[in-house]
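Work through the exercises below with the sequence and model open. Try each task before reading its solution.

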Amino acid sequence: MNELSRMDEMSLSGAALRGAPWRAAAIAGGGVAATSIFLGWILPGPADLTWALCTGISLFALVAGIGAISRPDRGDRVTQQARRWALEHPWRFALYPGLGAAALMVPVQLVIDGEGVFGAAWDALLGGVLVLLLTGILTRSMRGRARR
C-alpha cells in the first residue's frame, strides 16, 4: 500500500516548491503586470488594473511552479525526492500552483474589480484552472528529467 493521502501529496508539492525561483517569479509577474497596465494607458481603450494584476499573478505562479522542478537534482535529498515525485505526477503537482494563483486572485477581483463574492470566486477559479493546465502540461513535458 504505497498510496498517498491528499495531505501527503500537498506536502510533497510544497516540498517541491521549496526551492522555487521566487525572485525570478516575482520579477516576471511584476514585469508582465506593469507592462500590461502601461500598454493599457498608451493604447486606445481603458487600462484594466484587474487584468494586469491577475495576469501577473498567473505568470508568478507558473514561473514558480515550473522553476521549482526544472532542476530536480538541486537541493537536499528530501527536496530532490519531492521534485522527482512532482515530475512523475504532473497533474497532482500542478494543483498547488493553480490553487495558489486562485487564492491570490480572489482579493484582487473583490477589492479592485468590485465584483461580488461569487463573481470574484468564479473569475479566480478560471485563472487558477488556466495556471493548473499550463503547469501540468509543462511539467508533463519535462517528465524525462525525473528518470535521469
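**Exercise 1. Count the helices and strands, then give their order.**
Step 1: the protein chain of this predicted model has six helices and zero strands. Helices (H or I, at least four residues) and strands (E, at least two) are DSSP runs, numbered from the N terminus.
Step 2: along the sequence the pattern reads α-α-α-α-α-α.

Two ground rules apply. Residues are numbered from 1 along each chain as its sequence is written, and side-chain values use heavy atoms, without hydrogens and water. Local features need pLDDT of at least 70 and side-chain atom pairs pLDDT 80 or more, while totals for chains, interfaces and linings use all residues.

**Exercise 2. State how much of the chain is buried.**
Step 1: apply the cut-off, under 20% relative accessible area with a 1.4 Å probe, protein chains only.
Step 2: 36% of the 148 residues of the protein chain count as buried.

**Exercise 3. Find the largest nonpolar core and its contributors.**
Step 1: join buried Ala, Val, Leu, Ile, Met, Phe, Trp, Tyr and Cys residues through side-chain atoms within 4.5 Å.
Step 2: the largest such core has 16 residues, and A16, L17, A20, I69, A86, F93 and M142 have the most contacts inside it.
Step 3: α1 (6-16), α3 (49-69) and α4 (77-88) each give two or more residues to this core. α3 gives the most, five residues.
Step 4: a second, separate core has eight residues, including A101, M105, V108 and A124.

**Exercise 4. List the contacts of I69 (heavy atoms within 4.5 Å).**
Step 1: leave aside neighbours within four places in sequence.
Step 2: I69 then contacts R83, A86, L87, F93, T139 and M142.

Key:
Buried < 20%, exposed > 50% of the residue type's maximum accessible area, 1.4 Å probe, protein only. Contact = heavy atoms within 4.5 Å.
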